[in-house]
Amino acid sequence: MAFWDSEVKTGESVDVVVEEGSILQFVQANFGEVKEDTEDESVCLHITFDNKKKKKKKIVVGSLHPKRCPQLQFMLCLNKNFQISHNGKHVSFYCYGTKHNNRR
């Protein structure tokens, strides 16, 4: 098992590589620095991956708000590469989880 973390900055997406035979448990996301002019902004966190037809599939993981819901805890187990992004204008996110190798 190895710990995994990533920062997702405004206007950027982060590519997450999950090695063949491994699983990534994506368990938490929270705001990084929040600027005063965005304290009332709700932000959606997304993951995007290729489906069986090689088309991009975008899923909303959750919605965060700097005052009401600054962090989310969940359990997503992913076994293929994906991208993390968000629609915030002036915030960044930190994402955490663990990588598990299923090879024997």
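Tryptophan 4 has its bridge partner in strand 8: glycine 97. The model shown here is a predicted one. That pair sits where two strands meet. Strand 1 and strand 8 are joined by seven bridges. The two run antiparallel.

Strand 8 also pairs with strand 3. Strand 3 covers residues 22-34, and strand 8 covers residues 91-101. Between them there are 10 bridges, again in the antiparallel sense. Glutamine 25 has threonine 98 of strand 8 as its bridge partner. Strands of a sheet pair through backbone hydrogen bonds, and the pairing can be parallel or antiparallel.

Next, the cysteines. How many disulfides does a search of the whole structure find? The search finds zero. Cysteine 77 is in no disulfide, and the nearest cysteine sulfur, that of cysteine 95, is 15 Å away. Cysteine 95 is in no disulfide either. For cysteine 95, the nearest cysteine sulfur belongs to cysteine 69, 14 Å away. Are these two cysteines buried or exposed? Cysteine 77 is partly exposed, with a relative accessible area of 48%. Cysteine 95 is buried, and its relative accessible area is 0%.

Last come the charged side chains. Side chains of opposite charge can pair when their charged atoms come close. The count here is one salt bridge. Which side chains form the salt bridge? They are those of aspartate 50 and lysine 56, with 3.5 Å from N to O. The cut-off for a salt bridge is 4 Å, so this pair at 3.5 Å counts. How accessible are the two partners? Aspartate 50 is partly exposed, at 33% relative accessibility. Lysine 56 is exposed, at 60%.

Key
Residues are numbered from 1 along each chain as its sequence is written. This is a predicted model: local features need pLDDT of at least 70, side-chain atom pairs count only at pLDDT 80 or more; totals for chains, interfaces and linings use all residues. Side-chain values use heavy atoms; hydrogens and water are left out. Two strands pair if DSSP finds at least two bridges between them. Helices (H or I, at least four residues) and strands (E, at least two) are DSSP runs, numbered from the N terminus. A disulfide is a pair of cysteine sulfur atoms within 2.5 Å. Buried means under 20% relative accessible area, exposed over 50%, partly exposed in between (1.4 Å probe, protein chains only).
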